[in-house]
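Biologist: I would like to learn how to read the features of a model like this one. Please show it, and I will ask as we go.

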Amino acid sequence: QPEKHDPFAELDPEDLLSDDKLSDLEFDLEMMKDDPLLSSEAAVEELEKPSKPLPNPLMPNFWAVLSLIGVVLANALMWFIQRWLISVRVFFKYQKAPRLALGTYAYIT
């Protein structure tokens with residue numbers, strides 16, 4: 001069996017707390033204190049900035065969306081109602097014939 005690799009076996013606890021590492025951390029903390037975006041007042045100001053106005057100006061108009069939904073629903077209803085009611089399908093797809101002939105369809109009510 002292959003040996004399992006332990007990633008923590010190579011770490012030396014004394015090396016982690018060395019003066020070089022601690023001085024790097026202290027330097028990072030000093031940089032963070034001086035950063036205006038990380039100070040509490042700047043963070044509060046950033047949060048209080050007004051966001052984009054709602055609704056988004058790139059959104060379509062309410063009436064355009066409503067009419068699109070109406071057209072889609074009307075088309076779906078026309079398609080389904082022709083499948084549900086034979087009389088509606090006959091009204092839209094066929095016309096009255098003066099007489100019956102060979103090869104014609106007849107809808108009897």
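Biologist: Are Phe 62 and Trp 63 buried or exposed?

Modeller: Buried means under 20% relative accessible area, exposed over 50%, and partly exposed in between, with a 1.4 Å probe and protein chains only. In this predicted model, Phe 62 and Trp 63 are both exposed. Of the 109 residues in the chain, 3% count as buried.

Biologist: What should I know about the numbering and the thresholds?

Modeller: Residues are numbered from 1 along each chain as its sequence is written. The model is predicted, and local features need pLDDT of at least 70, side-chain atom pairs count only at pLDDT 80 or more, and totals for chains, interfaces and linings use all residues, while side-chain values use heavy atoms, with hydrogens and water left out.

Biologist: How many aromatic pairs does a search of the whole structure find?

Modeller: Rings of Phe, Tyr and Trp (its six-membered ring) pair if their centres lie within 6.5 Å; planes under 30 degrees apart count as stacked, over 60 as edge-to-face and the rest as tilted. The search finds 5 pairs. One of them, Phe 62 with Trp 63, is edge-to-face, at 4.9 Å centre to centre and 75° between the planes. Phe 80 and Trp 84 are stacked, at 5.4 Å and 20°.

Biologist: Why are Phe 80 and Trp 84 separated by about one helical turn?

Modeller: Because they are 4 residues apart in helix H4, which spans residues 62–84. Phe 80 is partly exposed at 37% relative accessible area, and Trp 84 is exposed at 59%.

Biologist: Which residues form one aromatic cluster?

Modeller: Trp 79, Phe 80 and Trp 84 form that cluster.

Definitions and conventions
Helices (H or I, at least four residues) and strands (E, at least two) are DSSP runs, numbered from the N terminus.
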